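Please look over the sequence and fold below.

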Amino acid sequence: MALGLAGTAMVVTPSSTAGAATATLVVDYACSGGIAGTGPGTVNLRTRLTVPTTLNVGDPLNVEWKLNYTDGTLGSPAYMPNGGRIDVIGRANISGSWVGQLQPTGTAEQPGPIDKGVPLKLPVGISDFGHTDRAGTVTVRPGKTLFVDFRPSASEVMVNDDDPAITYNGGWEDHDGLPSEDHDHHLDLHSTTVKDAWASYTFTGTGIEYVAQKDRDAGPIDIAIDGQPAAPPRVDPSRNADGTLVNDAHRGGQTLWKFHGLKYEQHTITIKNVQDAKLGQLDAFRVITRDLVNAPKDYRAECTLVNAPGAIQVEIGGGGDNPASPSPDTSASPSASPSASASPTDENPGGDGDGDSPPPSPSPSATPSPSPSASPSPAAAQTQNYIVTAVVTQGSPSPTATRTVTLTATPSVAQVAITPQGGAQTGEAPERMSSSGMLLIGSGGALLMIGMLSGVAMLRRRAAHSGERG
């Protein structure tokens, strides 16, 4: 903040950050949909929003939310072998001296494995902050909606052929206790020799793989994803990649077909035996979930505000753009007569709150002269903690003050070198010489005359003595 003083400047800087006073609102939300639908239905949250109430320009405006369940819990949407994580996103609306929105966020890791419906842990809190670049008053209100997302961790899950989630039509046989040298998953598998016998499995992930035996007696298998032919649509376990017949018999645990790159959502794979009297087998499905950039929309729970918590006001003071700060007057010139009057912009913020302190109304005028002098200006008591780092006064001060920030300045009188009267630069007559000065000059002259006469008498005496000797 700069305060103009008719050609000079008073530089003022904040000495400290405002106190950490805060206010808290209790905010209730009701969550539904997504991971809120895995339990009894609506899940209720009680949150506490905390915001600082006084700041200085440059201090961050921090918004913090604490989260807790009050009724029901959010649950895992499916079996998650490696767990996942919860992301909570809130909204804090800002109005007043500046307008915007903060988005407090928080994360809670969910260690796996977790079964479907298992309660999920909420983040301890969510937070966000905004930079304050000018003074004023802003109001912080909680947003009407919180969003809770679940993001599963990357994983691979083997689904054995006897999993109850796999559906078989007629004609399949279940074989258990197979030789370990065959390397079948869990030492079992399903097989059929019936044409068009099929098996299907519904999964959630980004990829799926078909696992069975390589066998010279096996026949081709058609594969479909979500009712459409897959890519490729057919695999033959009796053939190598170049189309030649394999030499293997009962070599289990082989990944015969794979498809990755699916959108993370629910899909259904169906395998079908193509030829009658040819062997069709299913050992397992491998379900793939890759790292997800975004949480699945189907897992998002939306939490809606259910009470009217009010708002929190934040006072931001100090700083170069504070409208309550003194304004510099840089238009002064040697022939100008600067004047200013105070105009309050609010009701004494930062003061004692009684509003009784009148704003200063100085209206000084200055007339430059060869001998500069400083004229003091009245000022009200300082209402914020500032340090004056430099004061130089040349001419008559002309501050513009307000009720919010006022400064008490003691004018400094500029010091001027004194030129004796009658000097070359003044054009004035010299001062009269006093009688004591004349007496000193007369005494000096008399002493000089006596010395000269004594010298002449001595020379004559020496000349007379010289003539007598001659």
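The model is predicted. Serine 155 lies in strand S14, which spans residues 155-160. Is this serine buried or exposed? Serine 155 has a relative accessible area of 10%. The cut-off for buried is under 20%, so serine 155 counts as buried.

Which residues does serine 155 touch, leaving aside those up to four places away in sequence? They are Pro81, Asn82, Val287, Ile288 and Thr289. Proline 81 is 74 residues from serine 155 in sequence. In space, the two C-alpha atoms are 6.8 Å apart.

## Nonpolar cores

The largest nonpolar core has 42 residues. Ile35 and Leu61 have the most contacts inside it. A second, separate core holds 24 residues. Among them are Val157, Trp257, Leu282 and Val287. Val287 is also one of the residues that serine 155 touches.

In soluble globular proteins, nonpolar side chains tend to be buried together.

## The largest pocket

The largest pocket has a volume of about 610 Å³. It is lined by 27 residues. Closest to the pocket centre are Ala78, Tyr79, Phe203, Thr204 and Tyr299.

Which elements give two or more residues to this lining? They are S14, strand S18 (198-214), strand S21 (251-273) and strand S23 (284-289). S14 is the strand in which serine 155 lies.

How values were computed:
Residues are numbered from 1 along each chain as its sequence is written. This is a predicted model: local features need pLDDT of at least 70, side-chain atom pairs count only at pLDDT 80 or more; totals for chains, interfaces and linings use all residues. Side-chain values use heavy atoms; hydrogens and water are left out. Helices (H or I, at least four residues) and strands (E, at least two) are DSSP runs, numbered from the N terminus. Buried means under 20% relative accessible area, exposed over 50%, partly exposed in between (1.4 Å probe, protein chains only). Contact means heavy atoms within 4.5 Å. A nonpolar core is a set of buried Ala, Val, Leu, Ile, Met, Phe, Trp, Tyr and Cys residues joined through side-chain atoms within 4.5 Å. On a 1 Å grid over the protein atoms alone, a cavity is a set of points where a 1.4 Å probe fits but cannot get out, and a pocket is an open set with protein on both sides within 12 Å along at least five of seven lines; lining residues have an atom within 4 Å of a point. Grid points are joined across faces, edges and corners, and a volume is the space filled by probe spheres set on the points.
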